[in-house]
Amino acid sequence: MEQTSTRSSRAPRPSCPLGAQGGLDQLLDSGLYTGEVTELMGAPGSGKTQVCLGIAASVALGLKQHVLFLDSTAGFTASRLYQMLRARTEDEEEQLEALQRIQVVRVFDIYEMLSALQELRDRLSQQVVSSMGPLKIVVIDSVSAVIYPLLGGKQSEGLAIMMQLARELKTLAREFSLAIVVTNQVTRDSSTGPLKPALGRSWSFVPSTRVLLESKEAAWDKATTQRIASLAKSPRQPTGIQVELDTGNGDVQEPSPATPTEGL
């Protein structure tokens, strides 16, 4: 695939259809796009990590491509990932090969995250990633977990480091034709205001696409695995499109009849 170095260059193309996460394929207009950052945002318990695990499983198994998973929340669960792979194939050899395509790096703060990304840049520049297949996906769960602690006292310093991370992500995506997926928290201006992504206006220019994840059931029903994924920002699709996801087994339902369908 040709690399894209500027916004005016040839538009990035979808190279990562998500298969079992098919509702996301529909929402994202055929899948994750290389050369771009896609953000999954939602409140705690909204299913962000589960969707990230599902993306990793689909790409490693279905596309046989390498995945780098940067975990800053200790949310990555190998047993859950293995469960997702087993739901997709009964072939134990395929399951094992898919697991070997997923590299997990635990990062405890923004500096370790930047270090991991610099190491990735060095490896990609030297074309040394994995003998199992090409790297196309980087998943970061989550960016808000490492940025929030910086936005307290010396906010200007924190913003500078946040924008350093932003530049690195966008540059990596463009230079190496990567699809980068990040997770973010949500906030409200008031107790009754609409949900909006955290990290403010400066960060809002980083993701090309934003997806809001919300629980389908009442907030007290913590056991439900049903989620609503809504398109909040996209360069290709009309915002407001929704699909239903089941983060328990990776199945995806059809869009609600009340959901806008133009562009699908």
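Which residue caps the N-terminal end of H5? Asp109 does, with a side-chain oxygen 3.0 Å from the backbone nitrogen of Tyr111. The model is predicted, so local features need pLDDT of at least 70 and side-chain atom pairs count only at pLDDT 80 or more, while totals for chains, interfaces and linings use all residues. Residues are numbered from 1 along each chain as its sequence is written, and side-chain values use heavy atoms, with hydrogens and water left out.

**Helix H5**

Helices (H or I, at least four residues) and strands (E, at least two) are DSSP runs, numbered from the N terminus. H5 spans residues 110-125 and has 16 residues. From its first C-alpha to its last it reaches 22 Å, close to the 22 Å expected at 1.5 Å a residue; the expected span is 1.5 Å times one less than the number of residues. Buried means under 20% relative accessible area, exposed over 50%, and partly exposed in between (1.4 Å probe, protein chains only). The buried residues of H5 include Ile110, Met113, Leu114, Leu117, Leu120, Arg121 and Leu124. An α-helix has 3.6 residues a turn, so residues three or four places apart point the same way. Gln127 follows H5 and has a positive phi, near 55 degrees.

**The sheet**

An open sheet is formed by 8 strands in the order E5-E4-E6-E7-E3-E10-E11-E12, with mixed pairing. Strands E5 (102-106) and E12 stand at the edges with a single partner strand each, so one side of each has no neighbour in the sheet. From one strand to the next, the twist averages 20 degrees. Helix H2 (residues 48-62) packs on the sheet and touches E3, E4, E5, E6, E7, E10 and E12; here contact means heavy atoms within 4.5 Å. The direction of H2 makes about 160 degrees with that of E4 (66-71). Axes are lines fitted to C-alpha atoms, for helices over the stretch in contact, and angles run from 0 to 180 degrees between N-to-C directions.

Two strands pair if DSSP finds at least two bridges between them. E10 and E11 run antiparallel and are joined by 6 bridges. Val211 stands opposite Leu231 in E11, and Glu214 has Ile228 of E11 as its bridge partner. E11 and E12 (residues 242-246) also run antiparallel, with 5 bridges between them; Gln226 is partnered by Asp246 in E12. In strand E11 (residues 226-233), 6 of the 8 residues are buried, so the strand is largely enclosed by the rest of the structure.

**Salt bridges**

The structure holds 6 salt bridges, each a side-chain nitrogen of Lys or Arg within 4 Å of a carboxyl oxygen of Asp or Glu.

| Pair | Closest N to O |
|---|---|
| Arg101 and Glu97 | 3.7 Å |
| Asp189 and Lys196 | 2.6 Å |

Why does the bridge between Glu39 and Arg210 tie together parts that are 171 residues apart in sequence? Glu39 lies in strand E3 (residues 36-41) and Arg210 in strand E10 (residues 209-215), so the pair links these parts. Glu39 is buried at 0% relative accessibility, and Arg210 is buried at 7%. In the second pair, Arg101 is buried at 5%, whereas Glu97 is partly exposed at 25%. Asp189 is exposed at 66% and Lys196 is partly exposed at 35%. A network of salt bridges links Arg121, Glu168 and Glu175; Arg121 is one of the buried residues of H5.

How values were computed
Polar contact = N/O pair within 3.5 Å; in protein donor to acceptor, adjacent residues only side chain to side chain.
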